[in-house]
Amino acid sequence: INAEYMGSVQNASVKAKIRHDNVAGVRLPVFRLMEFASEEVSGIGKGGEQIRSARDHFQRLLELIVKIASLQTSFVTLDEAIKITNRRVNALEKVVIPKIENTVAYILSELDEMEREEFFRLKMVKKVKKKLAEAEELRLKKIAAATGVQQVTLPPMVQGLGAPDDDDLVV
């Protein structure tokens with residue numbers, strides 16, 4: 001091809017356009033051919049027809065190359081997205097979930113310990129109330145024996161001590 005013909009080319013005869021498709025949250029570039037500017041080349045005999053046939057084959061080949069390039073770019077982009085997702089999944093499985101499970105186990109053990117402490121505290125309260133009730137009953141019996149009264153009623157505050165329906169006691 002001589003220099004005159006090469007110098008006369010002003011614009012590209014083929015233009016490609018890119019758009020983005022969203023596949024599972026990943027933006028994939030898609031290439032597309034926009035236009036074929038064709039100049040009619042005619043020659044003597046079969047030469048013009050051969051050039052036109054070669055140009056048609058070239059256009060079909062160029063369309064296939066653009067499709068392949070689009071697919072290859074999509075594969076590479078999806079591969080990167082899969083690798084990132086696998087890293088995130090591994091981080092969740094190996095780091096975050098075990099850490100949360102350990103935290104839950106710690107909280108459960110602390111709750112069990114608090115429950116045991118509360119049970120022990122209630123047992124101690126029951127023991128102290130029982131001692132107070134016995135001491136008050138003994139004091140009232142001594143007073144009754146000293147005064148000669150047969151029946152002594154306990155004050156309302158002491159009457160309920162040690163009773164089964166006492167809310168503070170664990171039976």
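## A walk through the chain

Among contacts in this chain (heavy atoms within 4.5 Å) between residues at least 6 apart in sequence, 43% join residues at least 24 apart. Keep in mind that this is a predicted model, in which local features need pLDDT of at least 70 and side-chain atom pairs count only at pLDDT 80 or more, while totals for chains, interfaces and linings use all residues. Residues are numbered from 1 along each chain as its sequence is written, and side-chain values use heavy atoms, with hydrogens and water left out.

Let's start with the overall layout. The pattern along the sequence reads α-β-β-α-α, made up of three helices and two strands; these are DSSP runs, with helices being H or I of at least four residues and strands E of at least two, numbered from the N terminus. The mean pLDDT, the predictor's confidence in each residue from 0 to 100, is 82 for the chain, and 74% of residues reach 70 or more. Where pLDDT is low, the predicted coordinates should not be read in detail.

Now for the surface. Of the 171 residues, 12% count as buried, where buried means under 20% relative accessible area, exposed over 50%, and partly exposed in between (1.4 Å probe, protein chains only). The chain exposes about 14,300 Å², with carbon and sulfur atoms supplying 60% of that area.

Next, have a look at the loop between strand 1 (14-23) and strand 2 (26-36), where Ala24 lies. Ala24 is exposed, at 80% relative accessible area, and its phi is near 55°, a positive value in a residue other than glycine. Most residues other than glycine have a negative phi.

Leaving aside neighbours within four places in sequence, Leu78 is in contact with Val26 and Leu28. The C-alpha atoms of Leu78 and Arg27 are 8.9 Å apart, although 51 residues separate them along the chain. Leu78 is partly exposed, at 29% relative accessibility.

Finally, the charged pairs: there are six salt bridges, each a side-chain nitrogen of Lys or Arg within 4 Å of a carboxyl oxygen of Asp or Glu. One of them joins Arg19 and Asp21 (2.6 Å, N to O); Arg19 is partly exposed at 39%, as is Asp21 at 29%. Another links Arg116 and Glu113 at 2.8 Å, N to O. Because Arg116 and Glu113 are three residues apart in helix 2, about one helical turn separates them.

Methods: Areas by Shrake-Rupley, 256 points an atom, 1.4 Å probe, with all protein chains shown as cover.
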